[in-house]
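I opened a new notebook page for this chain. My plan is to go from the annotation down to the packing.

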Amino acid sequence: MNAKAAEFPGTWRPNQGSTVALFDQLRLQVIHAVDHGTLVPGARLPAVRALAETLAVAPHTVARAYKELEAAGVVATRGRNGTVVCAPETRLGSLSAAAAEYSSAAKAQGASFAEAVKLLAAAYDAD
């Protein structure tokens, strides 16, 4: 087992008093760890029940975070082989395709690069 994965979540624990849902805190923490190289492609994440116990949260909380991470292409669930971190190309592949589609639509409607970026930034910040 990858030593880096064995260390996850390290000392991090969700903030029970936060307005951010526990599953979302975990989801964001995994993304942060992947983006900063703490979790490398191929690293196996802890099993749902084990991580739930470590974090003192319900298993459903971890399962939902894993499900959303999988939908985003950050991790892949391999049945009995567990949940592993995907390579960045896997994660960003669909995002790259969406960016190309957006770019084409913006150009077709006569938007400048600056206008397209402004619209994208507004949409990004809307969540």
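Where does UniProt place the feature "domain: HTH gntR-type"? I looked it up: the unreviewed entry puts it at residues 20-88. UniProt positions are in the numbering used here, feature names are shortened, and annotations may be inferred rather than shown by experiment.

I noted the ground rules next. This is a predicted model, where local features need pLDDT of at least 70, side-chain atom pairs count only at pLDDT 80 or more, and totals for chains, interfaces and linings use all residues. Residues are numbered from 1 along each chain as its sequence is written, and side-chain values use heavy atoms, without hydrogens and water.

Domain 1 covers 22-86 and domain 2 covers 89-125, with bounds from an automatic or database domain assignment. Their C-alpha centres lie 28 Å apart.

I then read off helix 2, residues 22-35. Helices are DSSP runs of H or I, at least four residues, and strands are E runs of at least two, numbered from the N terminus. Helix 2 reaches 20 Å from first to last C-alpha. Just after helix 2, G37 takes a positive phi of about 80 degrees.

I listed its buried residues (under 20% relative accessible area, 1.4 Å probe, protein chains only). Among them are F23, L26, V30 and V34 of helix 2. Their cover, by contact (heavy atoms within 4.5 Å), includes helix 3, helix 4 and helix 5.

Last, I looked at the largest nonpolar core, which has 22 residues. Such a core is a set of buried Ala, Val, Leu, Ile, Met, Phe, Trp, Tyr and Cys residues joined through side-chain atoms within 4.5 Å. L26, V30, L39 and L45 touch the most other members. Helix 2 gives the largest share, six residues.

Key:
The expected span of a helix is 1.5 Å times one less than its number of residues. Buried means under 20% relative accessible area, exposed over 50%, partly exposed in between (1.4 Å probe, protein chains only).
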